[in-house]
Amino acid sequence: QITYVDRRGQQMAMSDLSNWTAIDSNKNRGNASDTISECSSCDDQTELSVETRPTYQAECQRKTLLMMIEPRLWSLVTLFALTCCAPFIITCTAVIVVLYRNSTSSAAAAPANGKVAIVSGGKMTKAYAIIKQLKAQGCRVVLVETSKYWMVASRFSNCINRFVTVPVPEKEPEAYLAAMARLADEEHADIFVPVTSPVASQYEARLSSVLPKRCYSWSLPAEDVERLDDKVVFCQAAEALGLPVPISHRVCSHTAVRDFNEKLHEQASLEPDAKHPRYILKNLQYDSMHRLDLFTLPCTAAKLDAYLSDITIDERNPWTVQTFIVGDEYSTCALAKEGRLLAFTDNQATISCFNYKPARNPKLLQWVKTFCASQRLSGIFCIDFIVDSTDGTPYAIECNPRASSNLTNFYNNGALGAILVNPDSFCSTVEPLPSVVETYWLFSEMWAAVTKPGVIVSLPQRIWGLLRTLFFKKDAYFDPADPLPFLALLFVHLPTLLVRNLFTGNKWAKIDPCIGKLTEENGD
């Protein structure tokens, strides 16, 4: 459970802060904040004073020998472990595939429907979930990724007709748009499904302007992406509809953050017996190494200076201070067209979410349906919530205008693919089937079993837990009818990232099989 301050207390305590303004909400909208289900581990905070900040920054620029060796050593150890596990995992996979094919009749391939679908973000598991849905509808499926991820696991799927690499959109935006436009024209594409990373969502939204008219894009319009991707603007839009959201302020400088912190201290000193809210300081842009810090205000001036020492906050890189709510976090994902909510799923989120199971919270569904209809949204988007632990009220904390990994909840419901291909044939909201079980990633389960503290004492329980997971849950990649992506993830995709790290030596926080990335400094 994540601890937040109840918003009813916020409204009472905000009276003395009503005149505090960080910056005009129509300016400097941030780009991206990924859902918490696709998060990275945070850096440790180091107590530093203002006077030591320049020295600290200079020292950070000079890597010590230990700093150069440590990430490479961890990469080498992980590669060794994967190599040792390979014979056993490959053998078990082969046996299961043989048994499956001998015990079940071969399913006939879906008849071609004459439509061509382009799916981006090939390194991510959600792209694999979507290409399987589209193939089951009879589409020709073209998978796209940037050249850095030429080895993605999904390219080995029998659901793929063609795999293409394109320029990195945030580095070469015009070249990316031109390449995607050529590809869509060459393939006579009918559908584009963006499975975008946070930093690329704006560029994929712009594709609608260059794609052939016959090609329908499931991205939200570019103006909606910019508007909803901004936590402050999103909360203001929801609040105008009477929907519950936390109070949010934009901050565009270190001084603004310090001023806000001082205001909170002043308020606490004037009303020492009152209950005062806390605030979380969050980046409005995608920040893989700081986005889970959960740094809260008010705090001491020294602690705040230490945290701000290696953070850039300005008009081009705005942050937000947002009130806490006491409760559990949930993630949702929705597909909509012209305000009609066509598909919806939710899940209870954790700091690093590698397990997805529908929460089926009707209040979350109603919140999203109301917002979607009022905004007349068309596209794929996800909204994150804190559900108040006292009365169950869902407070939306941010909107991410892109697909979420909890789409894996639809692994046995082909209606998702039918919506992507023919959305106008649906008039109600499709959800995961009641029979769906929790999805997981084998790599993450084994990593947690081995690396979490206390492994010696709790080894039998961890082995038993891992076996229960293998037998009663669903690996997000494993499919006996399409086994190569599962093996490619473990023995091609992830090892390639680790080998690359042996050369770069970038400090990395974790290996994320869900989004197919190594969360590292100087990464994407």
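Before counting anything, I note the pairing rule I am working with: two strands pair if DSSP finds at least two bridges between them. I also remind myself that this is a predicted model.

**Entry 1: the antiparallel sheet**

I started with β7 and β9. Strand β7 covers residues 279-283, strand β9 covers residues 319-323, and five bridges join the two. They run antiparallel.

Then I wrote down the whole sheet. It is open, has four strands in the order β6-β9-β7-β8, and the pairing is antiparallel. Which strands stand at the edges? They are β6 (248-251) and β8 (296-297); each has a single partner strand, so one side of each lacks a neighbour in the sheet. I looked for a helix on this sheet and found α8 (residues 231-240), which packs on it and touches β6, β7 and β9. The direction of α8 makes about 150° with that of β6.

**Entry 2: cover on β9**

Is β9 mostly covered or mostly open? Mostly covered: five of its five residues are buried. I sorted the side chains by direction. W319, V321 and T323 point one way from β9, T320 and Q322 point the other way, and all are buried.

**Entry 3: the parallel sheet**

I moved on to the other sheet on my list. This open sheet has five strands, ordered β3-β2-β1-β4-β5, with parallel pairing. Its edge strands are β3 (162-166) and β5 (216-217), and each pairs on one side only. I zoomed in on β4 (residues 191-193) and β5, which pair in the parallel sense over two bridges. F192 stands opposite S217 in β5.

A helix packs here too. It is α5 (residues 173-187), and I see it touching β1 (116-119), β2 (140-146), β3 and β4. Its direction makes about 160° with that of β3.

**Entry 4: α3 against α13**

Last, the helix pair. Helix α3 (residues 65-103) and helix α13 (residues 442-451) pack at an angle of about 120°, and their axes are 13 Å apart. I therefore logged α3 and α13 as oblique to each other. Their crossing is right-handed.

Which residues meet? From α3 I listed T78, L82, C85 and I89, which meet L442, F443, M446 and W447 in α13. By type, the residues of this contact divide into seven nonpolar, one polar and no charged.

While on α3 I also looked up M68, which is found in that helix. Is M68 buried or partly exposed? With a relative accessible area of 34%, M68 is partly exposed. I then checked M68 against G505, which is 437 residues apart from M68 along the chain, and their C-alpha atoms are separated by 5.9 Å.

Key. Residues numbered from 1 in each chain as written. Predicted model: local features only at pLDDT ≥ 70, side-chain atom pairs only at ≥ 80, totals over all residues. Heavy atoms only, no water. Axes fitted to C-alpha atoms, helices over the stretch in contact; angles between N-to-C directions. Parallel < 35°, antiparallel > 145°, perpendicular 65-115°, else oblique. Left-handed = near helix turned anticlockwise from the far one by under 90°. Contact = heavy atoms within 4.5 Å. Nonpolar A, V, L, I, M, F, W, Y, C, P; charged D, E, K, R; others polar. Buried < 20%, exposed > 50% of the residue type's maximum accessible area, 1.4 Å probe, protein only.
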